[in-house]
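Thanks for coming. I will go through one structure today, piece by piece. Please have a look at it before I start.

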Amino acid sequence: MKIRNLTESDYDQVIELYAQLDAFHVKARPDCFVDREKNEIYPRDAFVHNLSYPGGLELGVFVNDLLIGIASATLWEESNMRKDLKTVCLDNIYVLPTYRRKGIAAKLFSEVETWAKEQGAIRLELHTWDFNKGAIAMYQSMGMTPQRFVFEKKL
């Protein structure tokens with residue numbers, strides 16, 4: 001198993017994982033997520049742009065040449081009503097189902113956390129849906145705590 005920065009040549013495998021992640025969201029909340037074509041989930045040009053974005057991180061976990069996990073993160077420097085908080089947002093983390101519960105997501109998380117510290121961030125933040133109980137438990141096991149809640153009432 002090898003964790004490395006993704007490259008443009010990884011796109012075809014990356015989009016397969018994003019398609020699975022997208023399908024998971026669509027199935028759980030069809031009222032919020034639209035079933036899209038693969039190339040609409042993460043367009044190649046956006047992926048290539050993010051690879052060269054200095055405030056971004058695109059990681060992949062490979063077994064031989066097979067991509068089995070991904071993580072992406074973005075450095076935020078907010079300045080609004082709150083204090084300026086140099087924050088890294090873990091945008092996505094996903095491991096193929098057959099490779100789960102082997103510590104792979106934890107290794108990806110650790111890599112993102114290390115990168116965040118190198119960027120001078122004081123916090124690592126992520127957003128997840130309430131239906132994603134497995135992810136919530138994993139994040140809590142890695143020391144994350146709830147920061148805020150978003151409530152909804154369907155009308």
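First a definition: the expected span of a helix is 1.5 Å times one less than its number of residues. Helices (H or I, at least four residues) and strands (E, at least two) are DSSP runs, numbered from the N terminus.

A word on where this comes from. This is a predicted model, in which local features need pLDDT of at least 70 and side-chain atom pairs count only at pLDDT 80 or more, while totals for chains, interfaces and linings use all residues. Residues are numbered from 1 along each chain as its sequence is written, and side-chain values use heavy atoms, with hydrogens and water left out.

Now helix α4, residues 104–118. How far apart should the ends of its 15 residues be? At 1.5 Å a residue, helix α4 should span 21 Å, and its end C-alpha atoms are 21 Å apart, so the two agree.

Next, burial. I call a residue buried under 20% relative accessible area, exposed over 50%, and partly exposed in between, using a 1.4 Å probe and protein chains only. In α4 the buried residues are Ile 104, Ala 105, Leu 108, Phe 109, Val 112, Trp 115 and Ala 116. Seen down the axis of α4, these buried residues fall within an arc of 135 degrees, so they line one face of the helix. The arc is that of the directions from the helix axis to the C-beta atoms. On the other side of α4, Lys 117 and Glu 118 are exposed. Just after α4 comes Gly 120, with a positive phi of about 85 degrees.

On to the strands. Two strands pair if DSSP finds at least two bridges between them. Strand β1, residues 2–5, is joined to β2 by four bridges, and the two run antiparallel. Within that pairing, Arg 4 stands opposite Gly 60 in β2. Strand β2, residues 56–63, is mostly covered, with seven of its eight residues buried.

Strand β4, residues 85–95, is mostly covered as well, with eight of its eleven residues buried. Which way do β4 and strand β5 run, parallel or antiparallel? They run parallel, and four bridges join β4 to β5, residues 123–126. Val 88 has Leu 124 in β5 as its bridge partner.

Ser 72 lies in β3, which covers residues 66–78. Ser 72 counts as buried because its relative accessibility is 4%. What does Ser 72 touch? Taking contact to mean heavy atoms within 4.5 Å, and not counting residues up to four places away in sequence, Ser 72 touches Tyr 18, Leu 57, Glu 58, Cys 89, Leu 90, Asp 91 and Asn 92.

Cys 89 in that list brings me to the cysteines. A disulfide is a pair of cysteine sulfur atoms within 2.5 Å. The structure holds zero disulfides. Cys 32 is in none, as the nearest cysteine sulfur, that of Cys 89, is 18 Å away. Cys 32 counts as partly exposed because its relative accessibility is 38%. Cys 89 counts as buried, because the figure there is 4%.

Last, charges. Side chains of opposite charge can pair when their charged atoms come close. A salt bridge here is a side-chain nitrogen of Lys or Arg within 4 Å of a carboxyl oxygen of Asp or Glu. By this rule there are nine salt bridges.

One of them joins Arg 44 to Asp 12, with the closest N and O atoms 3.4 Å apart. This pair links distant parts of the chain: Arg 44 is in helix α3, residues 44–52, and Asp 12 is in helix α1, residues 11–28, 32 residues apart. Arg 44 is partly exposed, at 36%, and Asp 12 is exposed, at 51%.

Arg 29 forms a salt bridge with Glu 152, the closest N and O atoms being 2.7 Å apart. That pair is 123 residues apart: Glu 152 is in the segment after α5 (133–141), and Arg 29 is in the loop between α1 and α2 (38–41). Arg 29 also meets Asp 31 in a salt bridge, at 2.6 Å from N to O. Arg 29 is buried, at 12%, whereas Asp 31 is partly exposed, at 46%, and Glu 152 is exposed, at 52%. Arg 29, Asp 31, Glu 152 and Lys 154 are linked in a network of salt bridges.

That is where I stop.
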